[in-house]
Amino acid sequence: MEEEVVMEQGEKNNKNSLKKIIIAIIVIAIVAIIITGIVNAVKPTPEKTVKKFIEYIDKGKVSEAYKLVDLKGMVLFPKLDEEDYKEFKDEYKGFDEDWEDIEDDAKEDIDEVIEELEDDIDDFEEFDVEIKTKKLKSRKVGKSGILYSVKVKAKTVIKTDGDAKTQRDTEDYVFYLMKKNKKYYVVGITGSGDLTEFMYMYR
């Protein structure tokens with residue numbers, strides 16, 4: 001009789017231990033999923049960078065938008081033909097010597113233009129930039145390993161003063177971003193709308 005009681009108690013203990021192990025595994029799995037979700041939420045992507053860039057422009061924070069730009073890449077990009085985009089990594093590296101000669105002037109010029117543009121936007125009666133694309137998708141460009149493209153349809157609304165006609169423009173753009181130190185930086189925008197002008201204030 002005592003043996004049966006001991007056996008039953010042992011079975012109960014084993015079941016309880018197994019139950020605790022299963023619960024522990026479930027808890028660990030849930031924690032892992034939560035951590036993965038948090039990491040993915042804050043992990044930089046080309047799409048997030050484009051959204052943030054446009055959000056800053058929309059708010060008139062041009063200086064913040066240009067923190068998401070690689071200035072060397074931005075100066076280089078308009079000099080390239082579309083077929084050269086596939087070799088952007090080599091083109092970027094090969095631009096080192098020329099960049100050293102103009103880097104200081106480029107930084108000084110861009111700072112002045114950014115300040116002027118922020119003042120202009122602040123004086124506008126109406127200024128709005130809105131992404132119309134439902135879901136942005138990035139693609140690698142060629143085999144360079146560092147250049148990505150993101151297609152965006154964006155609407156801009158600009159009214160300079162009470163007497164001026166409101167300018168509305170919906171345009172397709174392609175943002176080009178380079179991966180650098182695990183982050184993404186805008187280097188080029190193609191398209192004929194207003195956002196292209198924001199990109200190439202310095203030429």
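Let's start with a ring pair. Phe77 and Tyr176 are both buried. Keep in mind that this is a predicted model.

Now the core. The largest nonpolar core has 49 residues. Which of them touch the most other members? Phe53, Phe88 and Phe175 do. In general, nonpolar side chains tend to be buried together in soluble globular proteins.

Take Phe175. Set aside its neighbours within four places in sequence. Phe175 then contacts Val50, Phe53 and Ile54, among others. The list also includes Tyr148, Ser149, Val150 and Val152. Val186, Gly188, Ile189 and Leu195 are on it too.

Phe53 brings us to the rings. Ring pairs join Phe53, Tyr66 and Phe175 into a cluster. The count for the structure is 9 aromatic pairs. One of them is Phe53 with Tyr66, a tilted pair, 6.3 Å centre to centre, with 55° between the planes. Phe53 sits in helix α2, and Tyr66 in the loop between α3 (62-65) and α4 (71-76), so this pair ties together parts 13 residues apart in sequence. Phe53 is buried, at 0% relative accessible area. Tyr66 is buried as well, at 10%.

Back to Phe77 and Tyr176. Their rings are also tilted: 5.1 Å between centres, 35° between planes. This pair links distant parts of the chain, 99 residues apart. Phe77 is in the loop between α4 and α5 (88-94), and Tyr176 is in strand β4.

On to charges. There are 8 salt bridges in the whole structure. I'll show three.

First up, Asp172 and Lys153. Their side chains meet at 2.8 Å, N to O. Asp172 is in strand β4 (residues 167-180) and Lys153 in strand β3 (residues 147-159), so the bridge ties together parts 19 residues apart in sequence. Asp172 is partly exposed, at 47% relative accessibility. Lys153 is partly exposed at 34%.

Next, Glu64 and Lys67. Their closest N and O atoms are 3.1 Å apart. Is each partner exposed or partly exposed? Glu64 is partly exposed, at 26%. Lys67 is exposed, at 54%.

Then Glu55 and Lys52, a salt bridge at 3.6 Å, N to O. Both are in helix α2 (residues 46-58), and they are 3 residues apart, so about one helical turn separates them. Glu55 is partly exposed at 38%, and Lys52 at 36%.

What does it lie over? The face of Tyr56, at 5.8 Å from the ring centre.

Methods: Residues numbered from 1 in each chain as written. Predicted model: local features only at pLDDT ≥ 70, side-chain atom pairs only at ≥ 80, totals over all residues. Heavy atoms only, no water. Core = buried A, V, L, I, M, F, W, Y, C linked by side-chain atoms within 4.5 Å. Buried < 20%, exposed > 50% of the residue type's maximum accessible area, 1.4 Å probe, protein only. Contact = heavy atoms within 4.5 Å. Salt bridge = Lys/Arg side-chain N within 4 Å of Asp/Glu carboxyl O. Helix = DSSP H or I, 4+ residues; strand = E, 2+ residues; numbered from the N terminus. Phe/Tyr/Trp six-rings, centres within 6.5 Å; stacked < 30°, edge-to-face > 60°. Lys NZ or Arg CZ within 6 Å of the ring centre and 35° of its normal.
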